[in-house]
Amino acid sequence: MDTIRLLIVDDQTITRSGLKSLLASQKNLEIVGEAHDGDEAIEMAVSLQPDVILMDLRMAGMNGIEATRRIHRTSPHIGILVITVFEDDTSVFPAIRAGARGYLLKNT
């Protein structure tokens, strides 16, 4: 089985650390980077070319929807999975329209 290269994007250090700890034990995942906002996510997506990005929706600075839109425009082969605490359609559907392939609630 091929290794999936993963970039974690969230403005909260504790959330990034928790996701990293949880996912690091998976043999087929390699966490290639962590970004704290949308701007950094775009830069890291370009330089690291991960297979998948776990993208928080609401962050200080550039939000996850706009970062998803920009990454999808330049690197459509990168799968973006939105992670959010918000279950409402007004948060999730714009991310899907921007190019995210799906979403997970953080409390899952």
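How many positive and negative side chains does the protein chain have, and how far apart do the centres of the two sets lie? There are 11 positive and 15 negative side chains, with the two centres 3 Å apart. Lys and Arg count as positive and Asp and Glu as negative, with His and the chain ends not counted. Each charge is placed at NZ of Lys, CZ of Arg, CG of Asp or CD of Glu.

The model is predicted: local features need pLDDT of at least 70, side-chain atom pairs count only at pLDDT 80 or more, and totals for chains, interfaces and linings use all residues. Residues are numbered from 1 along each chain as its sequence is written, and side-chain values use heavy atoms, without hydrogens and water.

The protein chain holds 4 helices and 5 strands. Their order along the sequence is β-α-β-α-β-α-β-α-β. Both are DSSP runs numbered from the N terminus (helices H or I, at least four residues; strands E, at least two). The C-alpha atoms fill a box of roughly 35 × 30 × 25 Å along the principal axes.

Buried residues (under 20% relative accessible area, 1.4 Å probe, protein chains only) make up 44% of the 108 residues. The largest nonpolar core has 15 residues. Such a core is a set of buried Ala, Val, Leu, Ile, Met, Phe, Trp, Tyr and Cys residues joined through side-chain atoms within 4.5 Å. Helix 2 gives the most to this core, with 4 residues. Beyond its neighbours within four places in sequence, Ala41 is in contact (heavy atoms within 4.5 Å) with Leu7, Val9, Ala35, Met55 and Ile71. A second, separate core of 7 residues includes Leu19, Leu23, Leu29 and Ile83.

Technical notes:
Buried < 20%, exposed > 50% of the residue type's maximum accessible area, 1.4 Å probe, protein only.
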